[in-house]
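I am opening a new notebook page for this protein, and I want to write down each thing I look up, in the order in which I look it up.

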Amino acid sequence: FLIHDDIDFPLGKCAVKNGGSARGHNGVRSAVACMQSDRMPRLRFGIGRPGSRSLVRDYVLEDFDEEEVPLLEATIKSCIELLMIRFSTFIPRQGVGRTKANQKDDEIILLQKPTEPDKPNL
């Protein structure tokens, strides 16, 4: 699995995707070049998009705002659970990981702000 941030998803959203282009993400581009293939399962983790394209470079390197931390923590927890399910049901198929539970490419989780720090709303 390649796990990476994605500015096209808002914070609180993640998706499992099998393969595809780097979509301008330098880290994904580097992984694709290293693996010599774009066919790899990925967990795309939303961080939101800044208001202007010229702000993207600095935005992706900034710390999260204090008010975003509860949602960030809940999202990380849910993404870990999703990955654990994926790893426990992994079926190799033509070089790309698939699961019994999900034969489609995308599986999306959208979280709202949690009502309690330890219990995210799914």
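This is a predicted model: local features need pLDDT of at least 70, side-chain atom pairs count only at pLDDT 80 or more; totals for chains, interfaces and linings use all residues.

The entries below go from the whole chain to single residues.

**Entry 1: confidence.** I found a mean pLDDT of 78 for the protein, with 73% of the residues reaching 70 or more. I then looked at residues 94-106, where the pLDDT is below 50, and I noted that this stretch has 30 contacts in the model beyond near neighbours in sequence.

**Entry 2: the overall fold.** How many helices and strands does the protein have? I counted 3 helices and 8 strands, and reading from the N terminus I wrote down their order as β-β-α-β-α-α-β-β-β-β-β. I also looked up burial, and of the 122 residues 36% count as buried.

**Entry 3: helix α3.** I wanted to check the length of helix α3, which covers residues 69-88. At 1.5 Å a residue, its 20 residues should span 28 Å, and the C-alpha atoms at its ends are 29 Å apart, so the two values agree. Which residues of α3 are buried? I listed Leu 71, Leu 72, Ala 74, Thr 75, Ser 78, Cys 79, Leu 82, Leu 83 and Arg 86. To read this list I reminded myself that an α-helix has 3.6 residues a turn, so residues three or four places apart point the same way.

**Entry 4: a nonpolar patch.** I next searched the surface and found a nonpolar patch of about 580 Å², made by Phe 1, Ile 3, Ile 76, Ile 80, Met 84 and Phe 87. Helix α3 gives the largest share of this patch, with 4 residues. Phe 1 lies in the segment before β1, which covers residues 2-6. I put Phe 1 down as partly exposed, because its relative accessibility is 34%.

**Entry 5: salt bridges.** I looked for salt bridges and found 3 in the structure. In one of them Asp 6 pairs with Arg 44, and the closest N and O atoms are 2.7 Å apart. Asp 6 is in strand β1 and Arg 44 in strand β3, so this pair ties together parts that are 38 residues apart in sequence. I noted as well that both Asp 6 and Arg 44 are buried.

I then turned to Asp 8, whose side chain meets that of Arg 23 in a salt bridge of 2.6 Å, N to O. Asp 8 counts as partly exposed at 38% relative accessibility.

The side chain of Asp 8 also meets that of Arg 49 in a salt bridge, at 2.3 Å from N to O. Here the two residues are 41 apart, and Arg 49 sits in the loop between β3 and α2. Through shared partners, the salt bridges join Asp 8, Arg 23 and Arg 49 into one network. Arg 49 is partly exposed, with a relative accessible area of 48%.

**Entry 6: positive phi values.** Which values of phi did I find for Arg 23 and Gln 36? For Arg 23 phi is near 50°, which is positive although the residue is not glycine, and for Gln 36, also not a glycine, phi is near 55°. I found Gln 36 in the loop between α1 and β3. Arg 23 is exposed at 54% relative accessible area, and Gln 36 is exposed at 72%.

Definitions and conventions:
Residues are numbered from 1 along each chain as its sequence is written. Side-chain values use heavy atoms; hydrogens and water are left out. pLDDT is the predictor's confidence in each residue, from 0 to 100. Contact means heavy atoms within 4.5 Å. Buried means under 20% relative accessible area, exposed over 50%, partly exposed in between (1.4 Å probe, protein chains only). The expected span of a helix is 1.5 Å times one less than its number of residues. Patches are made of residues with over 30% relative accessible area and no salt bridge: like charges are joined within 9 Å, nonpolar side chains (Val, Leu, Ile, Met, Phe, Trp, Tyr) within 5 Å. Accessible areas come from the Shrake-Rupley method with a 1.4 Å probe; for residues, only the protein chains shown count as cover. A salt bridge is a side-chain nitrogen of Lys or Arg within 4 Å of a carboxyl oxygen of Asp or Glu.
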